[in-house]
Amino acid sequence: MKLSILDYVPIFENSNAHDAFKHSITLAQTAEKLGYTRFWVAEHHNVFSVASSAPEIVMMMLLEHTQTIKIGSGGVMLPHYSAYKVAEQFKIMSACHPHRIDMGLGRSPSFKQVNEALNEYKNKKPTLDNQIDDLRHYFSNQYDEPHRYMSIYATPQIDDSPDMFILGMSERSAELAAQKGLPFVIAYMGQPQDKLNHLISYYRHRYNQLNDISESKKPYVILSTFVVTAQTSNKVADLLDALHLWLLRINYLNQPKSYPSIITAQHRHYTSSELKKIEQNKRRVISGLPNEVRIKLTQLIETYHVDEIMIMPHVFGEDARLELIQLIANTSQ
């Protein structure tokens with residue numbers, strides 16, 4: 001089973017951003033020792049309980065404290081930004097740490113005012129399609145082909161470039177990934193099985209139609225999912241309590257200032273509508289004792305024919321997160 005990690009860099013109750021970054025370094029170092037394929041950092045704006053508002057900066061920090069594991073963005077919401085500036089950021093990382101950079105790209109608009117702030121003074125937003133072409137132009141160092149910015153170079157000029165991935169949950173994103181010949185990363189949100197199967201089958205079919213297939217160039221699907229496990233059922237239940245409170249409150253105006261503790265979660269009184277939402281969110285989480293989780297992850301791979309699972313160890317507590325990725329690695333060997 002090929003495993004990777006997507007980290008939100010959570011800020012735990014009674015902790016701070018400095019602690020969160022230090023812990024993410026430790027988590028990445030541990031993931032490297034355990035043989036995880038890649039360690040990605042999410043991009044979240046105006047979310048007080050996570051510290052991953054600028055994944056490129058967090059990536060560089062992680063790269064400086066690891067040796068071999070691939071480090072990536074999960075992802076950069078590219079339409080908010082200049083492809084030229086993003087190319088320069090990733091070129092700097094690639095220059096310092098060649099062959100280790102993943103570039104996950106998405107188009108999530110984020111919250112309304114976040115979207116407006118990130119796009120202030122723009123008359124027209126670029127399309128992700130065009131921006132991927134721009135990135136490839138800047139990374140190629142081949143400036144003899146027609147391009148609207150042929151006279152400028154993305155620096156530093158280096159031979160290495162990041163591996164690109166498309167993030168998405170729609171046919172539109174699947175089509176884009178297929179057209180560009182790129183791996184497709186899908187968030188498992190408890191979608192109906194037929195819907196997710198259709199999306200993955202569509203991507204693979206279109207990829208094979210549009211690209212010259214070889215051993216080094218073929219469709220590749222990563223499925224990302226929240227995972228909760230521990231050594232006892234009681235501990236799993238405790239971690240789920242805190243995660244479901246976080247999931248419940250994260251999109252509210254009165255969002256939590258930090259990732260809530262297990263004690264806070266267990267003292268929370270829920271309305272009937274909140275309990276209904278929690279029940280819905282359970283479909284987004286793979287949970288259980290380690291062997292149970294291994295079976296469930298294996299079933300995901302077999303059901304949807306995915307090439308890699310990217311777990312989100314978004315549980316409360318530094319020790320719990322380290323134990324979680326250790327248990328998953330041990331049971332998946």
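Colleague: I want to learn to read this model, so let me begin with one proline. Where is P156 found?

Modeller: P156 is found in the loop between α5 (128-140) and β5. Keep in mind that this is a predicted model. T155 and P156 are joined by a cis peptide bond, with omega about 0°.

Colleague: Which bond runs from G74 to G75, cis or trans?

Modeller: The peptide bond from G74 to G75 is cis, with omega near 5°. Its second residue, G75, is found in strand β3.

Colleague: Next, phi. What is the phi of V9?

Modeller: V9 has a positive phi of about 55°, although V9 is not a glycine. For its place in the chain, look at the loop between β1 (3-7) and α1.

Colleague: Let me step back to the whole chain. How many helices and strands does the protein have?

Modeller: The secondary structure comes to 12 helices and nine strands. The radius of gyration is 20 Å, close to the 20 Å that the globule rule gives for 333 residues, so the protein is as compact as a globular protein of that length. Along its principal axes, the C-alpha trace spans about 65 × 40 × 40 Å.

Colleague: How do I read a pair of packed helices?

Modeller: Two packed helices are described by the angle between their axes and by the distance between those axes. Take α11 (residues 290-304) and α12 (residues 318-331) here. They pack at an angle of about 65°, and their axes are 9 Å apart.

Colleague: Is the crossing of α11 and α12 left-handed or right-handed?

Modeller: α11 passes α12 in a right-handed crossing.

Colleague: Which residues of α11 and α12 meet?

Modeller: α11 brings P290, N291, V293, R294 and L297. α12 meets them with L327, I328 and T331. By class, the residues of this contact are five nonpolar, two polar and one charged.

Colleague: On to the pockets. How much space lies in the largest pocket?

Modeller: The largest pocket holds about 1000 Å³ of space. Its lining counts 40 residues, and Y8, E43, H44, S108 and M189 lie nearest the centre. Several elements give two or more residues to this lining: β3 (70-77), β6 (184-187), β7 (221-228), α8 (233-249), α10 (272-281) and β9 (308-312).

Colleague: What classes of residue line the largest pocket?

Modeller: The lining has 23 nonpolar, 13 polar and four charged residues.

Colleague: How many residues line the second largest pocket?

Modeller: That pocket is lined by 17 residues, with P183, S216, K217, K218 and Y220 lying nearest its centre. Two elements give two or more residues to the lining, β5 (163-167) and α7 (193-210). β5 gives the most, with three residues. About 320 Å³ of space lies in the second largest pocket. The lining divides into seven nonpolar, three polar and seven charged residues.

Colleague: And closed spaces? How many cavities of 30 Å³ or more are counted?

Modeller: The count comes to one cavity of 30 Å³ or more. About 30 Å³ of space lies in the largest cavity.

Colleague: Which residues line the largest cavity?

Modeller: The lining is P10, I11, F12, S15, N16, D19, A20, H23 and E318. Helix α1 (residues 17-34) gives the most, with three residues. By class, the lining of the largest cavity has four nonpolar, three polar and two charged residues.

Colleague: Where should I turn the view to finish?

Modeller: Go to E318. This residue lines the largest cavity, and helix α12 covers residues 318-331. Then follow α12 along to L327, I328 and T331, where it meets α11.

Notes:
Residues are numbered from 1 along each chain as its sequence is written. This is a predicted model: local features need pLDDT of at least 70, side-chain atom pairs count only at pLDDT 80 or more; totals for chains, interfaces and linings use all residues. Side-chain values use heavy atoms; hydrogens and water are left out. Axes are lines fitted to C-alpha atoms, for helices over the stretch in contact, and angles run from 0 to 180 degrees between N-to-C directions. Helices (H or I, at least four residues) and strands (E, at least two) are DSSP runs, numbered from the N terminus. A crossing is left-handed if the near helix is turned anticlockwise from the far one by less than a right angle, and right-handed if clockwise. Contact means heavy atoms within 4.5 Å. Ala, Val, Leu, Ile, Met, Phe, Trp, Tyr, Cys and Pro count as nonpolar, Asp, Glu, Lys and Arg as charged, and the others, Gly among them, as polar. On a 1 Å grid over the protein atoms alone, a cavity is a set of points where a 1.4 Å probe fits but cannot get out, and a pocket is an open set with protein on both sides within 12 Å along at least five of seven lines; lining residues have an atom within 4 Å of a point. Grid points are joined across faces, edges and corners, and a volume is the space filled by probe spheres set on the points. The radius of gyration is taken over C-alpha atoms; the globule rule is 2.2 Å times the number of residues to the power 0.38.
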